[in-house]
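I opened my notebook for a quick look through this model. Here is what I looked up, in the order I went.

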Amino acid sequence: AMELPENVRRRIHAVRSGRRTDLQFERRLEGLSPAAMEAFAEELQQLQTLRVLDLDDNDLGGPGGEAVIHAISHLHNLEYLYLNHCDLTSRRGIHVARAVSTLRGLKWLWVTENGLDDDCVAALSGAVRELPVLEYLQ
């Protein structure tokens, strides 16, 4: 994963080594190439202890974003997911709905300021309705 910036690699390592259970990546993926986004997704999906993932203000609507969203579906201990202002298209929003539907421990999901259409919002609502401990969807 040499394409990844040092600060991204360091944070991933902190989770992998058990020092942290959160990744605060607000704006940190901006400007990454699609290949680097895919590399990030591969690393991300292995972080099984992750409880908090903040991806606010990253472009997940573009190339590479789909891989990151798919990786989220593997994070079975995730409790808090922040995807505000991520340039999500409604089609990509449907992928988010699919990804979060597998996260049985999810408590909070933020997806504001993405311009998602009504169908997408309905899909998200439907996906999270099945989640046993969800407290908050914004």
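Which side chain of opposite charge is nearest to Asp-56, and how many Å away is it? I kept in mind that this is a predicted model. I found Arg-27 at 8.7 Å. Asp-56 is buried and has no salt bridge. A salt bridge would need a side-chain nitrogen of Lys or Arg within 4 Å of a carboxyl oxygen.

Next I checked where Asp-56 sits: the loop between strand S2 (52-54) and helix H3 (65-72). I then listed its contacts, leaving aside neighbours within four places in sequence.

Cys-86 took me to the cysteines. I counted zero disulfides in the structure. Cys-86 is in none, and the nearest cysteine sulfur, that of Cys-120, is 13 Å away. Cys-86 counts as buried because its relative accessibility is 0%. I looked up Cys-120 as well: it counts as buried because its relative accessibility is 0%.

Ser-90 belongs to helix H4 (residues 90-100). Its relative accessibility is 16%, so I noted Ser-90 as buried. My last entry is on Asp-117: its backbone nitrogen lies 2.7 Å from a polar atom of the Ser-90 side chain.

Technical notes:
Residues numbered from 1 in each chain as written. Predicted model: local features only at pLDDT ≥ 70, side-chain atom pairs only at ≥ 80, totals over all residues. Heavy atoms only, no water. Helix = DSSP H or I, 4+ residues; strand = E, 2+ residues; numbered from the N terminus. Buried < 20%, exposed > 50% of the residue type's maximum accessible area, 1.4 Å probe, protein only. Lys, Arg positive; Asp, Glu negative; His and termini not counted. Contact = heavy atoms within 4.5 Å. Disulfide = S-S within 2.5 Å. Polar contact = N/O pair within 3.5 Å; in protein donor to acceptor, adjacent residues only side chain to side chain.
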